[in-house]
Amino acid sequence: MTKEEFMNLKEDLTNIVIEYEVNQRKSYFLNHFYISHFKEELEQQRYIQYENQYLIDAIAKHTDGVPEEEIKAYLDGCKKDFALHIEQFHQAISEAMELDRRCKNYTTQDIQELDNAYIEYCKNYHPAIKAHSTEVERKVYSLLSPIYRIGNISAFKMLLNEYKDVFTSTYIEEEEYDTIGYYYKESLTNLTELVHNLKNEFPLNHEEIFTETGITQELIRLREKNYKLREMNQSLHEDFKLHFSYDFILE
C-alpha cells in the first residue's frame, strides 16, 4: 500500500468515525427528548400493550387446554416481568429528565462547540484511527465518549483538560501501511454498516417528529393509538372473563 493510498484510507475512516460518534450523540439526545416529552402517553401504551398480550396469551393457553393453575402461574410471572420492564422505563424517564435539566440552557452554539471539540479529539486520538494508541489513551476514550454522548459539556471539558498531557504522537513507518491499512479497512466496513443502521433506526429515521408541528402530530398519533389499544383491552377483558372466574389487571 502506498502512502497516498494509506492516507486516503485513514481519511475515509476518520470521516466515518466522526459521523458515527456524532450520530450516536444526536440519537441519544433525540431519544431522551422523545421519552421526556411523551412519557405519560408512552407509559400508558406500555401498560395496555403488555396487558393485552398477556390476556391474549392466557386465553390461547386456556383454549389449548392448559390447566388453569399453570395459566395463573404464567400470569403471576408476567406481572413480575412487567414490573422489571416498567422499572427500566422509569429509569429511562429519570435519565431523560436529567438530560433536560442539564441541557435546558444549552444553545445551538454550545452543542456545536461540543461536537467540534470531540471531532478534533477523534481526528487525533480516537483508538480506531490513531495507530499504536496507549492503554491510557484508550482509557481516556472510554471515559470521554459516554460523557460526550450524554452532552455533559462541563464534565467533557474537565476530563479533556485533566488528561491533556497523556496524549502521544505516533509516526507510522511505511512497512506498517499494509498491516494498519488492513485494520483500517475492516473498521471502515464495520462502522459504515453501523452508521447505516443508526440512520435507519428510531429516532434518526424520524427526525421530522422533533419540530413544533411534528411534536403536535406525534402527540395526536400516540393518543389515538392508546385509544384503540384501550378499546382492544376492554374487549379482551370481556373475553378473558368468559374463560376464567377472575380478571387479570396489571398494577
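I147 lies in helix α5 (residues 135-149); helices (H or I, at least four residues) and strands (E, at least two) are DSSP runs, numbered from the N terminus. The model is predicted: local features need pLDDT of at least 70, side-chain atom pairs count only at pLDDT 80 or more, and totals for chains, interfaces and linings use all residues. Residues are numbered from 1 along each chain as its sequence is written, and side-chain values use heavy atoms, with hydrogens and water left out.

- Leaving aside residues up to four places away in sequence, I147 touches N152, A155, F156 and L159 (contact means heavy atoms within 4.5 Å).
- From C-alpha to C-alpha, I147 and R25 are 9.6 Å apart in space, although 122 residues apart in sequence.

**Largest pocket**

- The volume of the largest pocket is about 410 Å³. A pocket is an open set of points on a 1 Å grid over the protein atoms alone, where a 1.4 Å probe fits, with protein on both sides within 12 Å along at least five of seven lines; lining residues have an atom within 4 Å of a point. Grid points are joined across faces, edges and corners, and a volume is the space filled by probe spheres set on the points.
- The largest pocket is lined by 18 residues, and R25, F29, L30, C103 and I111 are the closest to its centre.
- Two or more lining residues come from each of α1 (3-37), α3 (68-103) and α4 (108-125), with the largest share, five residues, from α1.
- By class, this lining has nine nonpolar, four polar and five charged residues; Ala, Val, Leu, Ile, Met, Phe, Trp, Tyr, Cys and Pro count as nonpolar, Asp, Glu, Lys and Arg as charged, and the others, Gly among them, as polar.

**Second largest pocket**

- The second largest pocket holds about 280 Å³ of space.
- Of its 14 lining residues, M7, K10, T170, Y171 and I172 lie nearest the centre.
- The elements giving two or more residues to this lining are α1 and α4, and α1 gives the most, with four residues.
- The lining of the second largest pocket comprises six nonpolar, four polar and four charged residues.

**Packing of α1 and α7**

- The axes of α1 and helix α7 (residues 177-199) come within 9 Å and cross at roughly 30°; axes are lines fitted to C-alpha atoms, for helices over the stretch in contact, and angles run from 0 to 180 degrees between N-to-C directions.
- α1 is therefore roughly parallel to α7 (angles under 35 degrees count as roughly parallel).
- The contact of α1 with α7 has 14 nonpolar, six polar and six charged residues.

Notes:
Angles under 35 degrees count as roughly parallel, over 145 as roughly antiparallel, 65 to 115 as roughly perpendicular and the rest as oblique.
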